Amino acid sequence: MMLRIFTPLLILGALIPQFTFAADLSTIHKQLVAKNNLAISQQAFCLQDPDGTTQSYRPTARVIPASVSKVYTFDFALAKLGKDFRYKTDFILNDSTLYINGGGDPHFVIENLEAVIKQMSPSSPIKKIVFSPNFYFNWKQTSPTVKSALISALKNNKNISVDKNLAVAYSAKKYSGAGSIYTFESAPLSILMKQINDYSTNISSDVLIERAGGYSEFQKYMKQVYGADTNTVKFGTGSGLKNNYTTCELTLKVLKHFEQSLHNVGLQITDVMSVPGRDPGVVSKRLAGLSSADNVVLKSGFINYHQNLAGVINTEKGHVYFAVFGTYKNMNENDKTKLFVDTFVEKIVQNYTALPYAYDVKSDVFGFTKITKVN
């Protein structure tokens, strides 16, 4: 068993540590599992130091990644779509009717619609809105829920000039008639990934993996880039809500490859993943046991019976990649499993001389959208 060892050197009456060796994290992991009365045979973790040294427990065992799946989706999407990819939605104003030709943008919300209509500057209140397939609004995706969301958002809306008897309809075909055409472009992929990671938005991840080529292409990508077949990894959702499995070992490879791919296009890992000490969202209050959590980026994952964390620690010698997969059998054990995972990740971070990440927070996507008049 490896232990943290200090060889004291007496200098001016003070004891100065001369050598430091890495802690045996496998032992700490087992102790925390036992402390929380969890089944050790169901747990998994792995990490890699900057010098390539690894520590792990069941690194090749099949695990359920939950929302850690989104890191895989990001890696795939960046490779297939590029960092500057934007969803595009067309808006055509013909008299008092607004036609919306969907572009598959799952991030399109009321603030975007307000901006489009404001730029269109209709001469009279809009009396009717007709939207086509593949139009999402306020995180809704089916035509009945989109219709309901539009009516709800526009009713008595002081920021949009619409008729009090506004009608909203769905058309199975895109509109190709006359009118003034405007194209709305989402924020670029790099900014969208940051928002998805901050808030772990499932619909956005599911749409993104489809837009990047779909699940068959994803499996080909896993095989081509990582040599991983369906015995190791298989996805049924880009979000991780269901039907996904992988291994801890592969998760580290994806994290490292994704970070390198970001670097190759002029981005940093903090541009797309969340720093719990600084960014809003689902991991903003994680790792409460650390005095500062701004030296690690995280992706959390939770579905019933699974609590996971994966990320990258910034240290003076380079980056440490880690993934922790916590599993429990009884729903009453969810909270303590989450605490176990957080505590273990805190121990990992404390094991290294970690440094704060330096970056600008860019969680607000609205400043990166574009509206262009076509004719």
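Modeller: Angles under 35 degrees count as roughly parallel, over 145 as roughly antiparallel, 65 to 115 as roughly perpendicular, and the rest as oblique. The axes behind such angles are lines fitted to C-alpha atoms, for helices over the stretch in contact, and the angles run from 0 to 180 degrees between N-to-C directions. Helices (H or I, at least four residues) and strands (E, at least two) are DSSP runs, numbered from the N terminus. Here, helix 7 and helix 8 pack at about 85°, their axes 12 Å apart. Helix 7 and helix 8 are therefore roughly perpendicular to each other.

Biologist: Which residues of helix 7 and helix 8 make the contact?

Modeller: Contact means heavy atoms within 4.5 Å. Helix 7 contributes Y221, M222, V225 and Y226, and helix 8 contributes L250, K253, V254 and H257.

Biologist: What should I know about the model itself?

Modeller: This is a predicted model, in which local features need pLDDT of at least 70 and side-chain atom pairs count only at pLDDT 80 or more, while totals for chains, interfaces and linings use all residues. Residues are numbered from 1 along each chain as its sequence is written, and side-chain values use heavy atoms, with hydrogens and water left out.

Biologist: How many helices and strands are there in the protein?

Modeller: The protein has nine helices and 15 strands. Its C-alpha trace spans about 85 × 50 × 40 Å along the principal axes. Among contacts with a separation of 6 or more, 70% are between residues 24 or more positions apart.

Biologist: At what angle do the axes of helix 2 and helix 8 cross?

Modeller: They cross at roughly 40° and come within 10 Å. That makes helix 2 oblique to helix 8. The contact involves V71, Y72, F74, D75 and L78 of helix 2, and residues of helix 8 including L250, L255 and F258. A crossing also has a hand: left-handed if the near helix is turned anticlockwise from the far one by less than a right angle, right-handed if clockwise. The crossing of helix 2 and helix 8 is left-handed.

Biologist: At what angle do helix 2 and helix 6 cross?

Modeller: Roughly 40°, with the axes of helix 2 and helix 6 coming within 9 Å. Helix 2 is therefore oblique to helix 6, and this crossing is left-handed. Among the residues in contact are F74 and A77 of helix 2 and L208 and I209 of helix 6.

Biologist: How do I read burial?

Modeller: Buried means under 20% relative accessible area, exposed over 50%, and partly exposed in between (1.4 Å probe, protein chains only). Of the 375 residues of the protein, 51% count as buried. I203, which lies in helix 6, is buried at 16%. I203 touches P106, Y136, W139 and Q141, leaving aside residues up to four places away in sequence.

Biologist: How many residues are in the largest nonpolar core?

Modeller: A nonpolar core is a set of buried Ala, Val, Leu, Ile, Met, Phe, Trp, Tyr and Cys residues joined through side-chain atoms within 4.5 Å. The largest one has 52 residues, and Y72, M222, L250, L255, F258 and I269 have the most contacts inside it. Its suppliers of at least two residues each include strand 3 (44-48), helix 2 (69-81) and helix 8 (248-264). Helix 8 gives the largest share, seven residues. F258 touches V71, F74, D75, L78, M193, I269 and V272, not counting residues up to four places away in sequence. A second, separate core has 27 residues, among them F91, L113, I129 and F137.

Biologist: Which residues form a disulfide?

Modeller: A disulfide is a pair of cysteine sulfur atoms within 2.5 Å. The structure holds one. C46 and C248 form it, with their sulfur atoms 2.1 Å apart. C46 is in strand 3 and C248 in helix 8, so the pair ties together parts that are 202 residues apart in sequence. The torsion about the S-S bond is about -100°, so the disulfide is left-handed. Both C46 and C248 are buried.

Biologist: And what about phi?

Modeller: Most residues other than glycine have a negative phi. N138, which is not a glycine, has a positive phi of about 50°. N138 lies in the loop between strand 8 (126-131) and helix 4 (143-154), and is partly exposed at 23%. N243 also has a positive phi, near 65°. N243 lies in the loop between helix 7 and strand 11 (246-247) and is exposed, with a relative accessible area of 56%.
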